[in-house]
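Let's take a walk through this structure together, looking at charged side chains and then at a pocket.

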Amino acid sequence: MKKFFVLIAAAIVSMSAMAQVQFGGKVGFDMTHFWGEDAPSGLQPNYQVGLMMEYKFNPKFAIAPEVVFAAQGGKATENVDYEDVPGIIEAKGTFHTNYINVPLMLKFYATPNFSIDFGPQVGFNVYSKMTVSGKVGSVEAKETMDLKDNTKTVDFGVGLGATYNLTDNAFVQARYTLGLTNVFDVPESHEKNGNAQIAFGMKF
């Protein structure tokens with residue numbers, strides 16, 4: 001019986017030694033857009049910044065939760081020709097829908113330095129506005145509208161990407177996050193978030 005408990009203690013110590021917990025931060029460049037039925041397809045450059053943790057419980061698998069502020073949104077352009085208005089009206093809309101995103105990524109280490117990352121994400125909207133600019137001939141107009149009351153507070157999605165550890169502490173990361181819920185709480189609106197990300201981070 002004594003040998004049995006010694007073996008259990010040795011196994012626990014071994015597992016604890018194998019497990020690694022690291023904290024860190026990351027910043028990145030994003031290309032965001034909307035997708036879905038009748039959704040505008042324009043890409044919008046944006047950014048992200050946040051904190052992360054990685055718990056590596058064996059050489060092949062780890063869990064990495066994050067808390068990230070992400071500027072998101074999309075663009076739309078439309079040309080409309082009205083019979084009673086001379087010239088073509090060019091209307092452009094730029095959407096700024098910013099979130100606090102909390103992804104929970106499961107990481108599979110294909111090599112000691114390279115992992116494939118997949119997991120769910122929940123986002124909380126903190127800012128939502130649209131800037132509309134129009135042009136009829138040489139006349140231009142611009143207006144910004146607050147869409148906070150028409151934007152859903154919670155956004156769900158899934159992310160798929162990869163991480164390459166440059167050193168024990170520095171890493172680069174690429175990921176695409178696909179939103180699964182409608183962004184706007186408006187009838188007949190089916191826009192969902194899409195976000196292609198490239199990030200650089202440090203773990204400590």
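In this predicted model, Glu66 and Lys26 form a salt bridge, with 2.9 Å between the closest N and O atoms. Glu66 sits in strand β3 (residues 61-70) and Lys26 in strand β1, so their pairing ties together parts that lie 40 residues apart in sequence. Both Glu66 and Lys26 are buried.

Glu66 has another partner: Arg175 forms a salt bridge with Glu66, and here the closest N and O atoms are 3.0 Å apart. Because Arg175 belongs to strand β9 (residues 170-182) and Glu66 to strand β3, this pair ties together parts 109 residues apart in sequence. Arg175 has a relative accessibility of 6%, so it counts as buried. For Glu66 the relative accessible area is 4%. Through shared partners, salt bridges join Lys26, Glu66 and Arg175 into one network.

Now turn to Asp117 and Lys107, whose side chains meet in a salt bridge at 3.3 Å, N to O. This pair links strand β6 (residues 114-136), which holds Asp117, with strand β5 (residues 89-109), which holds Lys107; the two residues are 10 apart. Asp117 and Lys107 are both buried. Over the whole structure, the search finds 4 salt bridges.

Finally, have a look at the largest pocket, which holds about 160 Å³ of space. Which strands each supply at least two residues of its lining? They are β1 (20-35) and β2 (44-56). Among the lining residues are Gln20, Gln22, Glu54, Lys56, Tyr109 and Lys203. By residue type, the lining divides into 2 nonpolar, 5 polar and 4 charged residues.

Conventions:
Residues are numbered from 1 along each chain as its sequence is written. This is a predicted model: local features need pLDDT of at least 70, side-chain atom pairs count only at pLDDT 80 or more; totals for chains, interfaces and linings use all residues. Side-chain values use heavy atoms; hydrogens and water are left out. On a 1 Å grid over the protein atoms alone, a cavity is a set of points where a 1.4 Å probe fits but cannot get out, and a pocket is an open set with protein on both sides within 12 Å along at least five of seven lines; lining residues have an atom within 4 Å of a point. Grid points are joined across faces, edges and corners, and a volume is the space filled by probe spheres set on the points. Helices (H or I, at least four residues) and strands (E, at least two) are DSSP runs, numbered from the N terminus. Ala, Val, Leu, Ile, Met, Phe, Trp, Tyr, Cys and Pro count as nonpolar, Asp, Glu, Lys and Arg as charged, and the others, Gly among them, as polar. Buried means under 20% relative accessible area, exposed over 50%, partly exposed in between (1.4 Å probe, protein chains only).
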